[in-house]
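Hi,

Here is the structure I said I'd pass on. Have a look at it first, and then read on for what turned up.

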Amino acid sequence: MKTLNNKVVLVTGGGSGIGRETAIEFSAQGAHIVLTDVNAEGMEETGRRIRQAGGTFEQHVADVASRQDMKALAAEVKAQHGALDVLINNAGIGSAGAFLETTLDIWDKVIDINIKGVVHGCHYFLPDMVAAGKGGSVVNLASMAAFVAPRDMSIYATSKFAVLGFSESLRSEMAEYNIHVATICPGVINTAIVKNTVMEGKAGQGELRDKAVAMYKRRNYPPQKVARAVLNAVLKQKSVVPVSPEAWLGYYAKRWAPSLVERFGRLELPFN
Ligand SMILES: NC(=O)c1ccc[n+]([C@@H]2O[C@H](COP(=O)([O-])OP(=O)(O)OC[C@H]3O[C@@H](n4cnc5c(N)ncnc54)[C@H](O)[C@@H]3O)[C@@H](O)[C@H]2O)c1
């Protein structure tokens, strides 16, 4: 894709953090943005910023975990625009806690949003993109937790390994339709994610959440940089894209020094 001018770009989870900044970044390139989120208020703010900069957008409340919501959303988008040019499966939630203290309900919740949310986006939007025959891009938000899985993050890491694996297979399959699939793997990014993270057992007690929130704030790596990486991945057809120094470090360390990564993963940080 050479330019995003007049392209139709859908961003799930566009009401906060990385999704918001990605929507604004693509809008600045001339794309029409289809914002979706469960948080209508968050989308209002994203929309306000897009409008202020002279861009165009529409917003739809939709839960990526719901087949009904995503099916209805796809039908609406099809009626309005035909096929998408770019699908950005960004919506996701965090989870932390020792495996022995995790509940199956939270496993279901995270899998439904972080894995099936991405699958739903592809299931409902890709057939129209393929049928339109004009190519395009799918961007799936994974994490550095897609290749580095420290203790107390078994649910989140499982979900992000799955997004990476799903995207690898899909990339090969979509190549013949000229639809590129990128997987974005950010490190520690200063968004609302920790505030909204489900923390179970010891990780959810006392000041641990505050400590984790403070750590993300101190790290202060802005979501705008992830948004730029998403844009670059679409324009330059990048496949797996770590974002932030710690994500790159984890990406290479996992290949070159896996036992070191394993030892690091045993450290009780930052949720213990
Ligand atoms: N912030 C980080 O450090 C970081 C690092 C790696 C990967 N990621 C990934 O990036 C993506 C965006 O995270 P963020 O940091 O911007 O978080 P965020 O909490 O700031 O934003 C997530 C957005 O997704 C929406 N959302 C949550 N559940 C939803 C659902 N079921 N249906 C529709 N929308 C839903 C939320 O309302 C919110 O607006 C996630 O997939 C996350 O796992 C974040």
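How far does a polar side-chain atom of Lys-160 lie from an oxygen atom of the ligand? The distance is 3.0 Å. Keep in mind that this is a predicted model.

The side chain of Asp-37 places an N or O atom 2.6 Å from a ligand oxygen. Asn-90 uses its backbone instead, with an N or O atom 2.8 Å from an oxygen atom of the ligand. On its own the ligand has 830 Å² of accessible area, and the protein covers 94% of that. Two elements, α1 (17-28) and α5 (154-174), each give two or more residues to the shell around the ligand.

The shell holds 30 residues, and those that come nearest are Ser-16, Asp-37, Asp-63, Tyr-156 and Thr-191.

Which residues of α6 are buried? They are Leu-208, Ala-212 and Tyr-216. Viewed down the axis of α6, these buried residues fall within an arc of 80°, so they line one face of the helix. Turned away from the buried side of α6 is a face with the exposed residues Asp-210, Lys-217 and Arg-218.

Cheers

Key. Residues are numbered from 1 along each chain as its sequence is written. This is a predicted model: local features need pLDDT of at least 70, side-chain atom pairs count only at pLDDT 80 or more; totals for chains, interfaces and linings use all residues. Side-chain values use heavy atoms; hydrogens and water are left out. A residue is near a molecule or strand if one of its heavy atoms lies within 4 Å of it. A polar contact is a pair of N or O atoms within 3.5 Å; within protein, one must be able to donate a hydrogen and the other to accept it, and residues adjacent in sequence count only if both atoms are side-chain atoms. Accessible areas come from the Shrake-Rupley method with a 1.4 Å probe; for residues, only the protein chains shown count as cover. Helices (H or I, at least four residues) and strands (E, at least two) are DSSP runs, numbered from the N terminus. Buried means under 20% relative accessible area, exposed over 50%, partly exposed in between (1.4 Å probe, protein chains only). The arc is that of the directions from the helix axis to the C-beta atoms.
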